[in-house]
Amino acid sequence: MSRNRSTAVLFLAAVALLALAGCSGKAEKPDNPGGAIIRSSQDPNGLRGATLDRPYAMPAATLTDTGGNPFNLVTSTKKPVTLVFFGYTNCPDVCPTVMADVASALTKLDQQVQDQIQMLFITTDPARDTGPVIRKYLDRFDPSFVGLTGSLTSIKDIAKAVGVPVEGMQKLPSGGYEVGHGAQVIGFGKNDKATVLWLSNAAIGDLAHDFGKLVEANR
């Protein structure tokens with residue numbers, strides 16, 4: 001195997017492990033039904049996140065927002081750029097870090113650019129994450145973030161369609177439980193296609209840079 005080929009394979013393996021290590025702290029086997037390939041080379045559009053050769057399509061599924069209203073992932077997303085993250089409010093580490101990083105990255109953009117971006121937080125723990133619970137949680141980071149819930153089956157189906165594994169409940173010795181899930185943020189354009197994702201360890205500056213680039217590309 002050539003040196004370049006070996007480097008690409010190692011890069012892809014690292015991306016898979018980082019992207020799929022959720023709040024359970026465990027790395028999982030990649031779940032990639034769309035067959036998307038993450039590029040190891042620099043993106044020609046100047047994005048710093050992990051770019052996908054085969055875009056993910058936003059599922060035309062309907063969930064429920066924190067106000068109890070139906071929210072369709074295709075028809076209710078009105079802004080040019082939509083960011084999607086799967087997580088839950090009792091997540092002890094990864095979820096609050098990612099939410100805080102996204103919120104911080106958005107503050108680095110001009111208000112006109114911020115207004116073109118919609119952040120969706122889809123719970124992986126609908127049994128505990130009611131609308132009011134999610135709303136209170138997201139307001140800690142940015143009141144504009146949209147929180148969504150639904151049946152766990154629907155949420156798993158949506159997550160699988162965009163390459164995000166969701167384990168469901170894993171009991172803890174304490175009597176509680178955690179929810180293993182992929183920790184990537186996925187960026188969709190106005191065509192409801194995603195060609196880029198960011199891992200949970202992405203730098204805030206890189207997030208801000210890429211969010212701005214996506215808005216420019218989707219005007």
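# A guided reading of a predicted model

Visitor: What share of the contacts with a separation of 6 or more joins residues 24 or more positions apart?

Guide: A contact means heavy atoms within 4.5 Å. In this chain, residues 24 or more positions apart account for 69% of the contacts with a separation of 6 or more. Please note that this is a predicted model, in which local features need pLDDT of at least 70 and side-chain atom pairs count only at pLDDT 80 or more, while totals for chains, interfaces and linings use all residues. Residues are numbered from 1 along each chain as its sequence is written, and side-chain values use heavy atoms, with hydrogens and water left out.

Visitor: How many helices and strands does the chain have?

Guide: Helices (H or I, at least four residues) and strands (E, at least two) are DSSP runs, numbered from the N terminus. The chain has six helices and 10 strands.

Visitor: What percentage of the residues count as buried?

Guide: A residue is buried under 20% relative accessible area, exposed over 50%, and partly exposed in between (1.4 Å probe, protein chains only). Of the 219 residues here, 49% count as buried.

Visitor: Which residues touch the most other members of the largest nonpolar core?

Guide: A nonpolar core is a set of buried Ala, Val, Leu, Ile, Met, Phe, Trp, Tyr and Cys residues joined through side-chain atoms within 4.5 Å. The largest one holds 36 residues, and those touching the most other members are Leu83, Met99, Val102, Phe145, Trp198 and Phe211. Elements that each supply at least two residues of this core include strand S4 (81–87), H2 and H6. Helix H2 gives the largest share, eight residues. Apart from this core lies another, of 24 residues, among them Tyr56 and Leu73.

Visitor: Which residues does Leu83 touch, beyond those up to four places away in sequence?

Guide: Among them are Val102, Ile117, Leu120, Val185, Trp198 and Phe211.

Visitor: How many salt bridges does a search of the whole structure find?

Guide: A salt bridge is a side-chain nitrogen of Lys or Arg within 4 Å of a carboxyl oxygen of Asp or Glu. The search finds three. In one of them, the side chains of Asp206 and Arg48 meet at 3.1 Å, N to O. Asp206 lies in helix H6 and Arg48 in the loop between helix H1 (3–20) and strand S1 (50–57), so the pair ties together parts that are 158 residues apart in sequence. Another joins Asp139 to Arg135, with the closest N and O atoms 3.0 Å apart; these two are four residues apart in helix H4, separated by about one helical turn. Arg128 and Asp125 also form a salt bridge, at 2.6 Å, N to O. Arg128 is partly exposed at 27% relative accessibility, whereas Asp125 is buried at 2%.

Visitor: What polar contact does the side chain of Asp210 make with another side chain?

Guide: A polar contact is a pair of N or O atoms within 3.5 Å; within protein, one must be able to donate a hydrogen and the other to accept it, and residues adjacent in sequence count only if both atoms are side-chain atoms. The side chain of Asp210 makes such a contact with that of His209 (2.9 Å). The Asp210 side chain also reaches the backbone nitrogen of Gly49 at 2.7 Å.
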